[in-house]
Amino acid sequence: MKYFFDDFGSLKKQIGGRDLFLFLDYDGTLTPIVDHPKKAALAKSTRSLLEKLSLEPRVNVSVVSGRALGDLRNRVGVSNISYVGNHGLEMDAPGVNFKGFDLLPMCEIIDYLKKEINKELLFFKGAFLEDKGVTLSVHYRKLKEARAAVLKAFLHELTEPFLSRKQIRMGSGKKVLEIKPPVDWDKGKAVLWLLNQHKHDGKKTCSIYIGDDTTDEDAFASLKGKGITIKVGGQGDSAAEYYVKQQKEVILLLKGLLALRNKARWN
Ligand SMILES: [Mg+2]
């Protein structure tokens, strides 16, 4: 992986002069990582930056998150951008008709799992369940490693019958386990689908994806050779081409993009 700001100069022509599709993860990318997802608020300055970018001609901004769509939209609060929630299972994009998937058959299973997990979580102080409608996330950031292992073992045992019948899927992120519908769909597939909806000429398009977590790896992989992929949080095992060291640098990067687009417009 290369440090993004080492190459920014040479990427400027590509980023400045084409239709720009900017895909941004929310937690840990647009906001710093916090101990509870409820606390991850978008800074006013970041919101204004997203607004300005969305108003630039030929710039298309999408926020792509594991959060439920409604939650994401409320937190970001910018109109005229695309929202991709629940890792792509939900989408609200201007001018795009996403029909989604038939997730009704699994509602009962999700309801059952939710009840069982909540009962068990009474014994795991600090861990909690995030109900995202069509998916469930169990957060265990505050648990000691040994306790986290016990909780994970419980979850695997509970979900095993449904997993073996392919009625659900499991995923994981930073100190979180996720229960999802059995649909072969992720952030990477959602991003490619969105790009295809916009009738664009690949040669005149520049896509940038910025994210910090394991679920963003799907998008890094799907955009390989097709876009600029940037991992937040230093170097490591990632399919991304570039990295920035910390979340604060994402803001610098977005400011840089805005300045670049401004300049391109007036030249
Ligand atoms: Mg994230």
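Trainee: What should I know about the model first?
Mentor: It is predicted: local features need pLDDT of at least 70, side-chain atom pairs count only at pLDDT 80 or more, and totals for chains, interfaces and linings use all residues. Residues are numbered from 1 along each chain as its sequence is written, and side-chain values use heavy atoms, with hydrogens and water left out.

Trainee: Where do the domains run?
Mentor: Domain 1 covers 2-100 + 184-266, and domain 2 covers 104-180. The bounds come from an automatic or database domain assignment. Their centres, over C-alpha atoms, are 28 Å apart.

Trainee: How many residues are in contact between domain 1 and domain 2?
Mentor: 17 residues of domain 1 are in contact with 14 of domain 2. Contact means heavy atoms within 4.5 Å.

Trainee: Why is the pair Asp-212 and Lys-174 called a salt bridge?
Mentor: The rule asks for a side-chain nitrogen of Lys or Arg within 4 Å of a carboxyl oxygen of Asp or Glu. Here N to O is 2.8 Å, so the pair qualifies. The rule finds one salt bridge across the interface of domain 1 and domain 2.

Trainee: What makes Asp-25, Asp-27 and Asp-212 donors of the magnesium ion?
Mentor: Donors are N, O and S atoms within 2.8 Å of the metal (3.2 Å for Na, K and Ca). Asp-25 (OD), Asp-27 (O) and Asp-212 (OD) coordinate the ion at 2.1 Å, so they count. Water is not among the atoms, so sites may look incomplete.

Trainee: What spacing do the donors follow along the chain?
Mentor: D-x1-D-x184-D.
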